Amino acid sequence: MLSMHLYEVRPRKDHRGVDLISDVLPFGRLWYGEPNAVKNAISYAKFRSRSHRAVIRVYDESGNMIETHEHKGDFKSGEIAFFLWR
């Protein structure tokens, strides 16, 4: 059984982008600035969870959840992945 990763994308109190928060991140949170801060945070959470199921919740300034993304974890252990960097 694969474990599930839970991520939260929350606006920063200083209004300078968003924080990606999760217990599975090495330091607990990552800061993303504009432009495309929310999109970049979601993309990183999906990348980090490529071998795990993940739920990514996006919150607004009031603390209301406005989006939920689910990632099924397509990459299985034992597979080899090749990434092309440009």
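The structure is a predicted model, in which local features need pLDDT of at least 70 and side-chain atom pairs count only at pLDDT 80 or more, while totals for chains, interfaces and linings use all residues. Residues are numbered from 1 along each chain as its sequence is written, and side-chain values use heavy atoms, with hydrogens and water left out.

Of the 86 residues, 26% count as buried; buried means under 20% relative accessible area, exposed over 50%, and partly exposed in between (1.4 Å probe, protein chains only). The accessible surface of the chain is about 6,500 Å², and carbon and sulfur atoms hold 53% of that area; such areas come from the Shrake-Rupley method with a 1.4 Å probe, and for residues only the protein chains shown count as cover. Among contacts (heavy atoms within 4.5 Å) with a separation of 6 or more, 34% join residues 24 or more positions apart.

Turning to the interior, a nonpolar core is a set of buried Ala, Val, Leu, Ile, Met, Phe, Trp, Tyr and Cys residues joined through side-chain atoms within 4.5 Å. The largest such core has 13 residues, and those with the most contacts inside it are Tyr7, Val9, Val18, Leu20, Tyr32, Ala41 and Ile56. At least two residues of this core come from each of strand S1 (4–11), S2, helix H1 (37–48) and strand S4 (53–59). H1 gives the largest share, four residues. Leaving out residues up to four places away in sequence, the contacts of Leu20 include Tyr7, Val9, Tyr32 and Ala41, and Leu20 also touches Tyr44 and Ala45.

Two further residues are worth a visit. Ser22 sits in the loop between strand S2 (18–21) and strand S3 (29–32), and counts as buried because its relative accessibility is 5%. Its side chain reaches the backbone nitrogen of Val24 at 3.2 Å, a polar contact being a pair of N or O atoms within 3.5 Å; within protein, one must be able to donate a hydrogen and the other to accept it, and residues adjacent in sequence count only if both atoms are side-chain atoms. Beyond four places in sequence, Ser22 touches Leu6, Tyr7 and Gly28.

His71 lies in strand S5 (residues 65–71). At 17% relative accessibility, His71 is likewise buried. Apart from neighbours within four places in sequence, His71 is in contact with Lys46, Ser49, Arg50, His52, Arg53 and Ala54.
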